[in-house]
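User: I have a structure to go through with you. Can you take my questions as they come?

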Amino acid sequence: SVAYVYAQVDDIDAAFDWLERARESGVWELSPNDIFYSSLHDDARWDVLMERVGMSQAALDAIEFEVKLPN
């Protein structure tokens, strides 16, 4: 929640600090496309962080997803 507040007020460094703390403490509750952190998505640290938590674009692309519609 602290990281979210920093992201909303555009204190990008503090937001990444708190996201890293969350990752290290095991309280990670963030998805790679979380709109609340959109101000961080263009920062190179975002991709690095997503890689660390196993949510890199390559990892997400490797997930097979097939929707079967009923007849």
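User: What does the accessible surface of the protein come to, and what share belongs to carbon and sulfur atoms?
Analyst: This is a predicted model. The accessible surface is about 5400 Å², and carbon and sulfur atoms hold 51% of that.

User: How many helices and strands are there?
Analyst: Four helices and zero strands. Along the sequence the pattern reads α-α-α-α.

User: Which residues touch the most other members in the largest nonpolar core?
Analyst: Leu19, Leu30, Tyr37, Leu40 and Trp46, out of 13 residues in that core. Helices H1 (2–8), H2 (12–25) and H3 (44–52) supply at least two core residues each. H2 gives the most, with four. As background, in soluble globular proteins nonpolar side chains tend to be buried together.

User: Take Leu19. What is it in contact with, leaving aside neighbours within four places in sequence?
Analyst: Leu19 is in contact with Ala3, Trp28, Leu30, Tyr37, Leu40, Trp46 and Leu49. For the protein in general, residues 24 or more positions apart account for 53% of the contacts with a separation of 6 or more.

User: Switching to charge. How many positive and negative side chains?
Analyst: There are 5 positive and 15 negative side chains, and the centres of the two sets lie 5 Å apart.

User: Asp34 next. Where is it found?
Analyst: In the loop between H2 and H3.

User: Why does Asp34 count as buried?
Analyst: Because its relative accessible area is 14%, and the cut-off for buried is under 20%.

User: How far is its C-alpha from that of Leu19?
Analyst: The C-alpha atoms of Asp34 and Leu19 are separated by 13 Å, with the two residues 15 apart along the chain.

User: What about the phi of Asp10?
Analyst: Asp10 has a positive phi, about 60°, and is not a glycine. Most residues other than glycine have a negative phi.

User: Where is Asp10, and is Asp10 buried or exposed?
Analyst: Asp10 is in the loop between H1 and H2. Its relative accessibility is 54%, so Asp10 counts as exposed; the cut-off there is over 50%.

Technical notes: Residues numbered from 1 in each chain as written. Predicted model: local features only at pLDDT ≥ 70, side-chain atom pairs only at ≥ 80, totals over all residues. Heavy atoms only, no water. Core = buried A, V, L, I, M, F, W, Y, C linked by side-chain atoms within 4.5 Å. Buried < 20%, exposed > 50% of the residue type's maximum accessible area, 1.4 Å probe, protein only. Contact = heavy atoms within 4.5 Å. Areas by Shrake-Rupley, 256 points an atom, 1.4 Å probe, with all protein chains shown as cover. Lys, Arg positive; Asp, Glu negative; His and termini not counted. Charge placed at Lys NZ, Arg CZ, Asp CG, Glu CD.
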